[in-house]
Amino acid sequence: MTPVTAARPSLRRLIFWFQLVLVLVILGVTIFIGSVALSVIELADNAGEDSAPRQMEELRAVGNLERLIALGDQFAAERDIAKSRNLALAMQALALHPSIASLAGTHQDVGSTFTLLGELLQLREQPMAPDSPFGYASAMEFALQQRWTAQRTVLKTIADQTSINLVGRTTAVARDISRSARRILISTVAGALLGLTMCLLLLFFVRRYFLGPLLEVSDYLSKLRLGVAPTRALSSPNTQEIADVVRAAQDLAEAQSALENIALHDQLTGLANRYALEARLDQSLSHARRNGTRLALLFIDLDRFKSINDTLGHAVGDEFLKVMAERLTACVREVDTVARLGGDEFIIVIDDINEASDAANLARKLVDAIARPVVLAAQEFNSSGSIGISLFPDDGVGHSELMKNADLAMYHAKSMGRNNFQFFTATMNEAVNARLKLETALHCALENDEFVLYFQPQVNGQTGRLTGFEALIRWQPPQGEMIGPMVFIGLAEETGLIVPIGKWVLEKACATLGEWRALGWQDIGMAINLSALQLKDARLPELVAQQLECHALPPHLIELEVTESVAMDDPETSIRNLLALKALGVSLAIDDFGTGYSSLAYLKLLPIDRLKLDQTFVRDIGVNSNSDVICSATITLSHSLHLELVAEGVETVEQRDFLVQQGCNTLQGYLFGKPMPQHAALLYLREHAPLSPPVLSVN
């Protein structure tokens, strides 16, 4: 980011001073040109207003002088008295003309012309003497003629001089106007050049301080918009405002880079994320199609990663993922793609493989790398990974299909015992399609009320008396055979449908027990199974309380069963929710005891009333001595913990006798009755727990 310095000028201040100078220059040039033009106008006006009439009079005077001279020459040559008189009178009249009279003020000889003409006319009218020389009337006339000749010369000189002066003044005025016009031209050209210079300076100023930096910023942002990294940084700006724009552009570039990094990379491990993976995978697929090569996609899932998060916290779990990301990256080439989809799932794309064995060798290498111990928080962990492999073009032609098939292969690897890799096969796809079909049908079953409850009796181990039933769900499609819970319960838990299904089971079982109580069986209990999602639902106690109140059921007749693995999955949450249920007064039981991963320390803390021994141990009583020992030890353990024991799967008399001898409290199995629909259970009640007839009082 370009730092802001105090020495950097402000663009606003530069624009202000530039505008001020430009205005002053334009104003000065305008004033100068205007003053020169005004002087020319005044000169022209003065020449027109003052000189023109005078010059006209002078021209008229020159013309009249020429006529006067011509008349004088004619008068001198004329001998006829009458014509001489007329000529003399005409000359006198012309001599009195205002134009010639105006010259009298400057030339005294002009004014004496009239007097001279009068004297010549008088002499001409006198009789000529016979002995007069030159034919003149007298010597006086001759003298006057001489005077006229001299006067004529003077008048001619005055006329010529006046003409010369007139031409000189006109020339001087024209010269002054021309000189002023040249000054105007020079001023105009100079002003134009100055204006051009100012325009060039303005363009330079705008380009240097405004357009240039903005164009550079525009190119910079255009490259960012196109996803092209700029080849060079932005130039240091010249002004404060452009510096702000440059800083904003650089901040935008940094923000865009950060956003692109967030959008295309996993923030925890730095690996490519799903979006970047799909883009790179599409490029790899295009390359493979174009060149006829193969590629492999490996879907990696870390086994039992959740236990690390749950036991040591998410911070340690994050460090574990970083270690795994480094190990995966170290196993592949730089041209290969390693991505994290989320959680503990990773994808590796290997380009240009020759055989499937190449992918297998890499997968084996990855399995070994993941299995190396990891030391975190001063503890050593033994990790493992399950890997699914799909190949292009064998297992798909698009990224979605390849990822889906690799995912299926990964789950198959988990089902094969984890810590291994499996290639995708068509059989997996068929199983997935069947699962999707079952999931769709399961949604419809809930909407169409296709579930039914079956009831299996439970008897007292010491007396053989019927004590209650366990409610077991079945699925009866409109067309087809009855579907047992082993087929769909697991899928319902994965899809979350187990919550509404479990709610339906609870409501239906409580309603059935309420009906039986209304018929007279007041002490028959009902065992109802809970799923893991139900047990973690904070609204479960409220739902149980509503059903107890709705059907007027004593709480102790309702037994809620959770499997051992569900209770041990999150012991603290289980204890908290079970305590809330226990506060309602219902009985609580651990189902399938002995098949999970029990912790006796937690088991002692659970607010339970019963343990249910799994049928896998009961089935081998009398056949496998270990089963006998396990059953006997479990019964002893339950009594030591002050818990009742329910044995499931009792099918033979030998099994019953052994369990009764060991002190088992309650027995359940085919020996006493298979799961049966509601109407059959009612008949079973009437047969094995007949109601006493009412006693009639005798008056």
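1. Helix 9 covers residues 314-330 and helix 10 covers residues 356-371; they pack at about 150°, with axes 10 Å apart. Axes here are lines fitted to C-alpha atoms, for helices over the stretch in contact, and angles run from 0 to 180 degrees between N-to-C directions. Helices (H or I, at least four residues) and strands (E, at least two) are DSSP runs numbered from the N terminus.

2. Please keep in mind that this is a predicted model, in which local features need pLDDT of at least 70 and side-chain atom pairs count only at pLDDT 80 or more, while totals for chains, interfaces and linings use all residues. Residues are numbered from 1 along each chain as its sequence is written, and side-chain values use heavy atoms, with hydrogens and water left out.

3. Back to the helix pair: Met324, Arg327 and Leu328 in helix 9 meet Leu366, Ala369 and Ile370 in helix 10, where contact means heavy atoms within 4.5 Å. The residues of this contact divide into five nonpolar, no polar and one charged. In this scheme Ala, Val, Leu, Ile, Met, Phe, Trp, Tyr, Cys and Pro count as nonpolar, Asp, Glu, Lys and Arg as charged, and the others, Gly among them, as polar.

4. Strand 11 (residues 558-563) and strand 12 (residues 587-593) are parallel, with five bridges, and Val562 has Ile590 in strand 12 as its bridge partner.

5. Strand 8 runs antiparallel to strand 9 (residues 466-475) over nine bridges, with Val452 opposite Arg474. The two strands form a hairpin with five residues between them, and Gly464 in the turn has a positive phi of about 80°. Strand 8 also pairs antiparallel with strand 15 (residues 666-667) through two bridges, where Val459 stands opposite Leu667.

6. Finally, the chain overall: there are 23 helices and 15 strands, and 40% of the 699 residues count as buried.

Notes. Pairing = 2+ DSSP bridges. Buried < 20%, exposed > 50% of the residue type's maximum accessible area, 1.4 Å probe, protein only.
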